[in-house]
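Keep the structure in view as you read.

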Amino acid sequence: MQLPDLNLARRRTREEVKKIDYKLDSKYKNIGKGKTYFVKTYGCQMNEHDSENIEGLLESVGFTKNNEMEDADIIILNTCSIRENAHNKAFGMLGRIKHLKEKRKDLIVALCGCMAQEEVVVNEILKKHKHVNFVFGTHNLYDLPRLISESTKKTNVCVYSMEGELVENLPVKRVNNFKAYVNIIYGCDKFCTYCIVPYTRGKQRSRKMKDILHEVNELKELGYQEVTLLGQNVNAYGKDLDEGYDLSDLLVEVANTKIPRVRFITSHPWDFTDKMVEVIKNYPNIMPYVHLPLQSGSDRILKLMGRRYTSEEYKTLFNKLKQIPNIAITTDIIVGFPGETEEDFNETLNMVNYCKYDSAFTFIYSPRVGTPAAKLYESDNTSLEVKEERLYKLNDLINSYSLANNQKYLGKIEKVLVEGLSSKEGEVFGYTETNKLVNFKGDSSLIGKIVNVKILDAKSFSLDGELVE
Ligand code: SAH
Ligand code: SF4
Ligand code: F3S
């Protein structure tokens with residue numbers, strides 16, 4: 001048993017992070033032979049990519065994928081802690097799985113991901129969800145084969161609160177064969193006061209540039225059209241290494257592999273340099289799309305959030321990015337942070353009116369145990385009703401700008417990477433360079449290709465078009 005510990009998770013050391021190459025212990029080689037797995041993923045792209053590694057690990061020991069949870073021999077929930085509803089969904093699922101387990105005693109149930117790193121969650125599992133065979137964390141995905149082979153009826157917890165080595169060469173089973181996620185930096189050292197991520201994902205650790213380039217080159221050889229460089233704060237890439245390179249240098253090298261599309265998420269305004277803006281502007285295969293979380297338009301709230309920029313500084317950066325031709329900029333906004341007044345909220349609306357975002361993810365503040373803002377929340381006297389009203393008002397404004405921005409595409413011809421069949425019969429969907437969703441008539445032979453599409457109709461959340469030569 002190794003339980004998560006919030007005080008350890010908060011700690012940051014200057015010790016160098018060692019790198020190890022994963023190698024499967026041959027004694028686990030056949031533990032999944034003849035058995036099937038089902039992995040359910042919650043949360044962000046980093047979790048989605050972790051699940052690709054989890055599936056890779058499972059297949060490396062003989063398991064095969066099962067699309068029906070009900071029939072699988074092992075079920076793994078890869079969870080997210082970012083807000084209360086993410087928590088509730090995972091616990092709801094554990095309830096459903098309990099019924100399955102009552103019928104099939106040999107079913108193996110495991111929980112991993114960010115929730116596994118939380119003391120409160122693990123305590124609740126040990127008390128109320130005894131049907132879980134084992135819990136593992138974000139720092140030890142590679143332990144999965146061992147944990148499966150050692151799994152017993154009694155819940156085993158193996159969670160490291162402090163990040164260990166950086167593990168390269170984990171097996172991976174990618175969802176797509178035309179677009180791929182590539183981790184460039186793990187963890188986060190920003191400690192925004194509302195956020196649980198620095199506790200669940202540990203210290204900021206960059207991968208070496210040569211390892212990243214090796215992965216991208218391999219993907220390109222395999223015919224991949226797009227890579228998305230991943231991190232909680234990709235703009236901090238390289239800061240923890242003593243190699244003298246940063247995100248702008250990495251972007252140049254990745255662009256030089258000539259992979260058709262390079263994306264990166266997520267950016268923090270604090271670490272965004274002019275050189276990075278220049279590089280995005282100068283390389284046609286770096287997509288003109290930046291997700292630049294604002295969180296709040298009120299300087300008072302930004303300070304309480306620990307975001308390290310003012311609304312003016314944000315605007316300055318925003319205007320620099322806007323110099324990049326055709327760029328789309330999206331954002332994240334939290335309403336109802338503890339103590340947010342009507343005036344603070346109006347400043348957020350003012351910022352949205354200024355930036356006219358292409359789109360935004362908006363959230364009501366959700367207290368996370370152990371974070372500084374959760375203490376402020378105890379004396380917060382704004383009702384949920386008021387917060388919901390703010391959210392609706394904000395969403396209406398955001399949607400009106402999304403529509404106006406999308407309408408600018410009418411009549412234009414856009415390059416679209418086709419990703420799959422639309423829910424509408426006879427149509428496919430894909431994304432423009434600026435990450436706009438487009439639906440148009442076509443068949444599965446287009447999937448994975450970059451094609452020209454003329455935009456004929458614009459809605460708030462998508463575009464409609466037709467294939468052109
Ligand atoms: N690393 C990224 C985003 C991480 S989480 C960044 O810094 O921008 C994605 C979004 O979830 C955040 O941008 C924030 O808007 C939201 N979020 C994080 N913690 C939250 C909380 N406690 N309550 C509500 N929203 C939250
Ligand atoms: Fe959370 Fe802030 Fe880090 Fe983003 S930058 S993951 S919001 S602490
Ligand atoms: Fe959720 Fe963890 Fe991602 S908390 S948003 S899965 S880093």
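Q: Where does Phe191 lie?
A: This model is predicted. Phe191 has a phi near 50°, a positive value in a residue other than glycine. Phe191 sits in the loop between strand S10 (185-186) and helix H6 (197-200).

Q: Does Phe191 count as buried, partly exposed or exposed, and at what relative accessibility?
A: Buried means under 20% relative accessible area, and exposed means over 50%. Phe191 falls in between, so Phe191 counts as partly exposed, at 24%.

Q: Which residues surround ligand 2?
A: Phe191 is one of them. The shell divides into seven nonpolar, two polar and two charged residues.

Q: How does the shell around ligand 3 divide by class?
A: The residues around ligand 3 are Cys44, Asn47, Cys80, Ser81, Ile82, Cys114, Arg201 and Gln232. By class, the ligand 3 shell has four nonpolar, three polar and one charged residues.

Q: What distance separates the centres of domain 1 and domain 3?
A: The domain assignment gives domain 1 (6-158), domain 2 (166-407) and domain 3 (413-468). The centres are taken over C-alpha atoms. Between domain 1 and domain 3 the separation is 35 Å.

Q: What span should helix H14 have, and how far apart are its end C-alpha atoms?
A: Helix H14 covers residues 384-407, which makes 24 residues. At 1.5 Å a residue, helix H14 should span 34 Å.

Q: Which elements do the buried residues of H14 pack against?
A: The buried residues of H14 include Leu391, Leu394, Leu397 and Ile398. Lys387 and Arg390 are also among them. Their packing partners are strand S15 (328-335), helix H12 (342-355), strand S16 (359-364), helix H13 (372-377), strand S20 (450-458) and strand S21 (463-468).

Q: How many residues apart in sequence are the parts that Glu340 and Arg390 tie together?
A: The side chains of Glu340 and Arg390 meet in a salt bridge, at 3.0 Å from N to O. Glu340 lies in the loop between S15 and H12, and Arg390 lies in helix H14, so the pair ties together parts that are 50 residues apart in sequence.

Q: Are Glu340 and Arg390 buried or exposed?
A: Their side chains meet in a salt bridge. As for accessibility, both Glu340 and Arg390 are buried.

Q: How many residues apart in sequence are the parts that Glu59 and Lys173 tie together?
A: The structure holds 31 salt bridges. In one of them, the side chains of Glu59 and Lys173 meet at 3.8 Å, N to O. Glu59 lies in helix H2 (residues 45-60) and Lys173 in the loop between strand S8 (166-168) and strand S9 (179-183), so the parts they tie together are 114 residues apart.

Q: How many residues apart in sequence are the parts that Glu419 and Lys179 tie together?
A: The side chains of Glu419 and Lys179 meet in a salt bridge, at 3.2 Å from N to O. Glu419 lies in strand S17 (residues 413-421) and Lys179 in strand S9, so the parts they tie together are 240 residues apart.

Q: Which residues are linked in a network of salt bridges?
A: Side chains of opposite charge can pair when their charged atoms come close. Here a network of such bridges links Glu168, Arg174, Arg207 and Glu215.

Q: Where is Thr266 found?
A: A cis peptide bond joins Ile265 and Thr266, with omega about 0°. Thr266 is found in the loop between strand S13 (261-265) and helix H9 (274-282).

Q: Which residues does Ser161 touch, not counting residues up to four places away in sequence?
A: Ser161 is found in the loop between strand S7 (156-158) and S8. Ser161 is buried, with a relative accessible area of 7%. The residues Ser161 touches are Leu3, Pro4, Asp5, Leu8, Ala9, Gln117 and His139.

Terms used
Residues numbered from 1 in each chain as written. Chains lettered and ligands numbered in written order. Predicted model: local features only at pLDDT ≥ 70, side-chain atom pairs only at ≥ 80, totals over all residues. Heavy atoms only, no water. Near = heavy atom within 4 Å. Nonpolar A, V, L, I, M, F, W, Y, C, P; charged D, E, K, R; others polar. Domains from an automatic or database assignment. Helix = DSSP H or I, 4+ residues; strand = E, 2+ residues; numbered from the N terminus. Expected span 1.5 Å × (residues − 1). Buried < 20%, exposed > 50% of the residue type's maximum accessible area, 1.4 Å probe, protein only. Contact = heavy atoms within 4.5 Å. Salt bridge = Lys/Arg side-chain N within 4 Å of Asp/Glu carboxyl O.
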